[in-house]
Amino acid sequence: MARAFLVVMDSVGIGGAPDADEYFNGDTPDTGANTLAHIAQACAAGEAEEGRSGPLHLPHLDGLGLGAACRLASGDDVPGLEADPTGLWGAATEHSRGKDTPSGHWELAGLPVPWDWTVFPKTIPAFPKEISQLAADLAGTEGILGNCHASGTEILKDLGEQHVKTGWPICYTSVDSVFQIAAHEEHFGLDRLLKLCEDLAPHLHAMRIGRVIARPFGGEPGNFQRTKNRRDYALTPPGKVLSNWVQEAGLPVHAIGKIGDIFSMQGIDAVSKGTDAELMEALAHKVDHAPDGGLVFANFVEFDSLYGHRRDVSGYARALEWFDAALGPILARLRDGDLMILTADHGNDPTWTGTDHTRERVPVLVAGQGTGEIGIVDFTAVAASVASHLGVDHPSDLRSFL
């Protein structure tokens, strides 16, 4: 039986979204944002030299068609990525009204989001009084810290020491439909933080807030660092998705990274978590040892969380080059008949203004299924193609590119 590997390179957008003018970072529309092309252009200009040097070097991804996909999606120049593709390649356009993680992943899994998410206003305070009070009550504290839009790393610098002294959780949001809670793993307690998020999530999901995110951190004042124990408590998808289709066909589904959280474990049998380096090891293990049949669904988040939101062009380029080098041996070990799709869920252009995601098309790179251009497809075509490859029933209105 066939095997399928669906790998999401979180935020590796390629520009060209036809509705980018409807999405904003502050007062600036996302028109012209292009995560991959702008990184490649910065590298070629010698403007991304921290921890790396020279033009962007992604031989394996480019060999599958990454540079070609970016030019197809946007028409932008992608210096250094000019290979003749050896895989199936194309680009995908999102139709859900959002540039957030659940919208992108749900649609890639065959379910466009049928509503507009609720977002919190860019005011101080950002949250309704009843939500702030509920968070404090569930935490067993007199109040909360933050209550604003903020960068997750900057708010630790601003409020981490006060959190340690008071014990109050740090609550903040972004342009996405999220309620994030940061707390120190030792002083506040990891289990306590996870319980707080779990208890609060149903109330926020009822408001169509997409995710409550636990953001544990450690360290001392002046050196607070997020840990790898993040957890997303996401609203359950309102219908069946790719993982359900596969599981209900009697095939196993293994999630790598935050996929289990994004889909509220719908249709997922087992999960591997960790840093992106640990997740790459998990992916390699599955390629080497997973039995015939079934789906491995992976998300590599650090492009987005460590470099995109922080507008770190050199860091993003380093991460892409690390990912490409690690991916090469894995691609070489795919079995005859395997399908591996590499794609993304949205953009996060590190050269752009602001700190939020950018509305972009995404690459669709296919290993193990021949060579050729698939053109510009819908996000949902990814799910339909995986299902078709595995011989699994899927909604008839979703078109496969295989």
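**Notes on helix packing and the core**

1. Starting with the pair α5 and α7: Ile131, Leu134, Ala135, Leu138 and Ala139 in α5 meet Phe188, Arg192, Leu196, Asp199, Leu200, His203 and Leu204 in α7. Sorted by class, that contact holds nine nonpolar residues, one polar and two charged. Keep in mind throughout that this is a predicted model.

2. Helix α5 covers residues 129-139 and helix α7 covers residues 185-205, and they pack at an angle of about 140 degrees with axes 9 Å apart. Roughly antiparallel would need an angle over 145 degrees, so α5 and α7 end up as oblique to each other. The crossing of α5 past α7 is right-handed. A bit of background on the spacing of contact residues: an α-helix has 3.6 residues a turn, so residues three or four places apart point the same way.

3. Next pair: α10 (residues 276-289) and α12. Their axes come within 10 Å and cross at roughly 15 degrees. Anything under 35 degrees counts as roughly parallel, so that is the label for α10 and α12. Here too the handedness is right-handed. On the α10 side the contact uses Asp276, Ala277, Met280, Leu283, Ala284 and Val287, while α12 brings Trp322, Phe323, Ala326, Leu327 and Ile330. By class, the contact of α10 with α12 has 10 nonpolar residues, one charged and no polar.

4. Which residues touch the most other members of the largest nonpolar core? They are Leu283 and Met340, in a core of 96 residues. Helix α12 (residues 313-332) supplies the largest share of this core, with nine residues. If you click on Leu283 and skip the neighbours within four places in sequence, its contacts are Phe5, Val7, Ile256, Val296, Phe300, Ile330 and Met340. As a general point, nonpolar side chains tend to be buried together in soluble globular proteins.

5. Is helix α13 (residues 380-390) enclosed or open? Largely enclosed by the rest of the structure, because 10 of its 11 residues are buried. The buried ones are Thr380, Ala381, Val382, Ala383, Ala384, Ser385, Val386, Ala387, His389 and Leu390. Just past the end of α13, Gly391 has a positive phi of about 70 degrees.

6. Where sequence neighbours within four places are ignored, Gly375 has contacts with Leu72, Trp89, Gly90 and Ala91. For Trp89, the C-alpha to C-alpha distance to Gly375 is 7.5 Å, although the two are 286 residues apart in sequence.

7. Last one, Ser243 in helix α8 (residues 242-248). Is this serine buried or exposed? Buried, because its relative accessibility is 2%. Beyond the neighbours within four places in sequence, Ser243 is in contact with Val253, Gln266, Gly267 and Ile268.

Terms used: Residues numbered from 1 in each chain as written. Predicted model: local features only at pLDDT ≥ 70, side-chain atom pairs only at ≥ 80, totals over all residues. Heavy atoms only, no water. Core = buried A, V, L, I, M, F, W, Y, C linked by side-chain atoms within 4.5 Å. Buried < 20%, exposed > 50% of the residue type's maximum accessible area, 1.4 Å probe, protein only. Helix = DSSP H or I, 4+ residues; strand = E, 2+ residues; numbered from the N terminus. Contact = heavy atoms within 4.5 Å. Axes fitted to C-alpha atoms, helices over the stretch in contact; angles between N-to-C directions. Parallel < 35°, antiparallel > 145°, perpendicular 65-115°, else oblique. Left-handed = near helix turned anticlockwise from the far one by under 90°. Nonpolar A, V, L, I, M, F, W, Y, C, P; charged D, E, K, R; others polar.
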